[in-house]
Amino acid sequence: MAPPPPSTPTTGTSSTASTPTQTPAPSAIPPPIPVETHPNRAKPQGNRAAAPDPNHLAPEDAYRSFSPPRLRPVPEIHGSAAASAAAAALRPAVASLRAPPAIPPVAARLAEERRRAASRRRKQPHVWKKLLWIKQHGFPDNYTDTETFLDHLQRNPRLRPYEFWPLVADSTVIVQHVCSVAIFVCAYAGIYQGRLSPVAVVTCGSIATIAGWIVWDHWMGQEEAEEMAALVKANRVSIDVDDGSSTSSSTSAKAVLNGHASGHANGGLGGRGVGLKLSTTNLAVKDNEARSAGKHGQSLSKSSFQSISPIDPLGDPTLEPFPDLRPTASHLQVPQSPSIIPSPTTLTPSISPRNQARLKTLKSACLIYFALLGLSPILKSLTKSTSSDSIWALATWLLIINIFFFDYGSLYGPTKPLNPIRPLEVANTTAATTATADPSLVHAHHSVRAPPFPSSLSTNAALMASTVLASRLLTTTAVFSLTLFSIQVFGLFPVFRRHLRHRSFKLHLVLTFALVTMSTGGLGLILSKSYTHTYGNCGFCLGWIWHVILRSTVGFVVGGFCTAFVMGGCSWWLIGLQRYKNVVIGPWDPAKPVLAGGSYGRSRTGTD
Amino acid sequence: MPYNIAMVSDFFFPQPGGVESHIYQLSSKLIDRGHKVVVITHAYKGRTGVRYLTNGLKVYHVPFLVIYRESTMPTVFSFFPIFRDIVIRERIEIVHGHASLSSFCHEAILHARTMGLRTVFTDHSLFGFADAGSILTNKLLKFSLSDVDHVICVSHTCKENTVLRASLDPLMVSVIPNAVVAENFQPESYVPKTQDMGYMRPKPMPRRLGPGDTIVIVVISRLFYNKGTDLLIAAIPRILAAHPNVRFIIAGSGPKAIDLEQMIERQMLQDKVELLGPVRHEEVRDVMVRGHIYLHPSLTEAFGTVIVEAASCGLYVVCTRVGGIPEVLPAHMTTFAKPEEDDLVLATGKAIAALRSGRVKTERFHDQVKMMYSWTDIAQRTERVYDGITGAISEQEFYGQHPSASWNAARSRSYALIDRLKRYYGCGIWAGKLFCLCVIIDYLIFLFLEVWAPRASIDIARDWPRKPFINDKNKPVENGMLRRRGTDLMDRRNGSLAMM
């Protein structure tokens, strides 16, 4: 039997977890060496018959606990230099498995058998082949060829060992979300216990949101400028190439180009406007998300809010079954979602598209604001007939659903997914402008993958939780404030977080730290039993301030340690669990069809 | 010695399919060799009770709850009483289960071992190891195969897969492929060899294709994702664009049919692609002989009987190199492609060029395939498996020579409950104990049934008149008439599915 190869512990112990510790047959099974059935190879080695050579491969190794040494190099991850050295040392041993060039003299065991084997050898000098259509003369049907059996087996072919710090850094995304949920819960508890003014909460939230929006707007402007610059540069280059020295045509081309560029910018700005709306406090965010599906990899409850926005859902590019049916004459606008293309009626020359988008954002923000204001009295008495316990249980479950089904993985892609599905078409068009946009589009398509669960489930769960929680509150103001706050926290804040992570990892860490601080401090405050100093009752006396500082500090210290411990511990745990990873792939797995970026298959390869 | 064999599977006629016809053909040929075969399956709509098929094949349609795609409800024990009755009535010695998705077959193997019968399992499909469904199926397979006497797989890839899935000893797994009834898949201009003409029959005329002649590409498959319909949909317009004198005939139905139709309408290929919809198995040949190339873009396939059928009809085969497909046909009959759109288009182009240049002698395919695959041969090889597990041929001969003495005891599987429990116990930390519990309960049920419905009270069914038993030397044992196996006479008599 094969010795435990001195490779990494990953390969060494990986299979013990998933394969049985012993076979159903009696425990110590020597390897089945088909001597009699194998006239060419196994028989001659008389010494092998006595004791199975530990260096040799037995078919049993297929399911035994070791990674079998293979004739073909199995693409395994050998983590260390020692492992590769060991593999190199193993190679001659493996090579000795191969068929001997000639048949050495046979050590006699049974005379009758030898005679039979000899006659077989005379009659059929065949070797066994892994084929079904030939008659395998001399080999029984249950013959197991040591060389070819399981030679296409691959173990952990795409294993990427985790490293500790990147893993911790990645876990900040989860920590951020859990912390924002905790902040929301703290805010609710504060309002419910009367320790926190709802107006204060929503004011703080709104200020933060508007600040976030301004930052967002700034980023958008920057990105747009960069894009424009790249576009113009690329155009210039391509036009130079195309037109050579003909200045007149190049100027005209430039004029055209400018038109195109502005058109593109308009489209882009329209897209940005979509983004802008996200960061302001309006519910149209959902619809925008739906419109530019895949824009944030997150379609926030598109159905529930579809009716608010007047934009027709047909603009969704992913709904288009055959993208390249579009007339290619309008290829410049094709990459953008049709609904984003500024229509001549709304595009007044006086207002720049950027400001127009801002205006739109403002409009929908107001719409949401007043709708919510009007709905608050209804929400207040929504669950009057339900007991509070049910509400707490329901809200807890909904928030848990929110945390578990939140779309942590989806990457940021605000500009590219304007057209995530049309790389072929872009490639088809020979226009320089779109050709330059091509790589980024293709890249965007590959980077944006569909999340396994629709994140609308997560967002809807959170909004429902906030609705049922808000219905426990006593005043209309509190209900309004909490609902608005929940929209900010669950609807808009994740978008901002995602962009922030994309923009700057340092700021992302700072935000994580701030969120941890706020949530743990808030939890410390909420969990303290002291009701003596609610806000304002003693007029911000020293005792109150001391209480707040003490409690939040205690909460921060305890919570911060817990968070760090959990982050580090879970990362270690996950790294430790990697040892048990045992992915077995082979020719029996269904192949993944590779479509050549085709227009037909691309959009529906994943549909089944 | 002739055996009494029970084939158990959820899948049998009247439902069409590969497993079904495999069971039928194998049973039919085993009967020809002098064995007695009964088939036990669940009741289909309009088929209940006992039926006799051609050749005296007795089919028990047991009423059972069907849950999903003709698979029965996996109740571990409820099949036992009626199964025991059938086994005793028919004096069954070997229980042969088919298809890993059939819970009937797994139950039968468990009960048969409890009753002290030899069991064989034939695996027809490939499973991965990644998704949850596969993990569950693999665990159940491990349960039922822990105690099986022998396993038959239809291809070497399938064998590797099954060995891994059920942690089997590779020597306990035989590879016996499917076969085709070559007489049902003859090329259009084929002149069958008759007794009278003998070697005088005319040689098949080669079909030369000029550069302007139309080449018809046939695709017959269920239009599912795992049959590679996406590849097909992507490749068809490119193939048609590159080769003007090419037509497609696509038969089959499935969820991807709508995509295919959309593609055809979008590309306006109605005059070049003909969609036939679902065709019955006996019409497959008539569709195939209309074409020159058979395109098989499947993504996973344990054996791929259809490509053998296509080659038998004299079609050049273009197929993806997945699963067991590379083992099935020789290189001069096939062009392999990677499961990628570009490569499939390329391979089809190569195949078209090869046909046009006349390098491929498709007119000879039928005779070659007939030599490669025949059910008579399959039945003979299966019989050897039966011989091996019943001890008719020695263990050494069946499993090969073993170097160490302690090894020999492990092969033949004793019926002692404690040995069986040992085998089940090794299936996993929790699963092993659960399996042991199931086996013990099964044994208790067996004891109860022995008391409640004693063997003496069960009637023995009269056998259909047996054919003379043919042993391995191809000589009849009982009467002196010498019969060669694999003659055309036998094939023609039993080859067609007369009962359908």
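Two strands are taken to pair if DSSP finds at least two bridges between them, and it is in this sense that, in the predicted model described here, B:V39 stands opposite B:V59 in β4(B). The two strands concerned, β2 (residues 36–42) and β4 (residues 57–62) of chain B, pair in the parallel sense over 5 bridges, and a further bridge partner in β4(B), B:V62, belongs to B:H42.

These strands are part of an open sheet of chain B, in which 8 strands follow the order β3-β4-β2-β1-β7-β8-β9-β10 and the pairing is mixed. The edges of this sheet are taken by β3 (49–53) and β10 (173–175) of chain B, each of which has a single partner strand, so that one side of each is left without a neighbour in the sheet. From one strand to the next, the twist averages 25°. Helix α3 (residues 103–114) of chain B packs on the sheet, where it touches β1 (4–8), β2, β7 (94–98) and β8 (118–123) of chain B, and the direction of this helix makes about 160° with that of β7(B). Helix α13 (residues 375–390) of chain B likewise packs on the sheet, touching β7, β8, β9 (150–153) and β10 of chain B, with a direction that makes about 165° with that of β9(B).

Another open sheet of chain B consists of 6 strands in the order β13-β12-β11-β14-β15-β16, with parallel pairing. Here β13 (273–277) and β16 (334–337) of chain B stand at the edges, and because each has a single partner strand, one side of each is left without a neighbour in the sheet. The twist in this sheet averages 20° from one strand to the next. Strand β15 (residues 316–320) of chain B is joined to β16(B) by 4 bridges, the two running parallel, and B:C319 has B:F336 in β16(B) as its bridge partner. Helix α11 (residues 341–357) of chain B lies across β11 (215–220), β12 (246–251), β14 (293–296), β15 and β16 of chain B, and runs at about 165° to β16(B).

Taken as a whole, chain B has 17 helices and 16 strands, and 50% of its 500 residues count as buried. Of the contacts in chain B with a separation of 6 or more, 69% are accounted for by residues 24 or more positions apart. The largest nonpolar core has 137 residues, of which B:A108, B:I293, B:I307, B:A311, B:L315 and B:V317 touch the most other members. Helix α6 (residues 229–242) of chain B supplies the largest share of this core, 7 residues. When neighbours within four places in sequence are left aside, the residues in contact with B:L315 are B:V218, B:M288, B:G291, B:H292, B:I293, B:Y294, B:A310 and B:T362. A second, separate core comprises 45 residues, among them A:A395, A:A470, A:I487 and A:L523.

Chain A has 17 helices and 2 strands, and of its 608 residues 38% count as buried. Among contacts in chain A between residues at least 6 apart in sequence, those that join residues at least 24 apart make up 79%. Within this chain, helix α5 (residues 164–192) and helix α16 (residues 505–527) pack at an angle of about 35°, their axes lying 8 Å apart, and their crossing is left-handed. On the α5(A) side the residues that meet α16(A) include A:T172, A:V175, A:Q176, A:C179 and A:I183, whereas those on the α16(A) side include A:H508, A:L511, A:L515, A:S519 and A:L523. By class, this contact of α5(A) with α16(A) has 13 nonpolar and 8 polar residues, with no charged residues. One of the α16(A) residues in this contact, A:L523, is also included in the second, separate core of 45 residues.

Technical notes:
Residues are numbered from 1 along each chain as its sequence is written. Chains are lettered from A and ligands numbered from 1 in the order in which they are written. This is a predicted model: local features need pLDDT of at least 70, side-chain atom pairs count only at pLDDT 80 or more; totals for chains, interfaces and linings use all residues. Axes are lines fitted to C-alpha atoms, for helices over the stretch in contact, and angles run from 0 to 180 degrees between N-to-C directions. A crossing is left-handed if the near helix is turned anticlockwise from the far one by less than a right angle, and right-handed if clockwise. Two residues are in contact if their C-beta atoms, placed from the backbone, lie within 7 Å. Ala, Val, Leu, Ile, Met, Phe, Trp, Tyr, Cys and Pro count as nonpolar, Asp, Glu, Lys and Arg as charged, and the others, Gly among them, as polar. A residue is buried if 20 or more other C-beta atoms lie within 10 Å of its own, exposed if 12 or fewer, and partly exposed in between; C-beta atoms are placed from the backbone. A nonpolar core is a set of buried Ala, Val, Leu, Ile, Met, Phe, Trp, Tyr and Cys residues joined through C-beta atoms within 7 Å.
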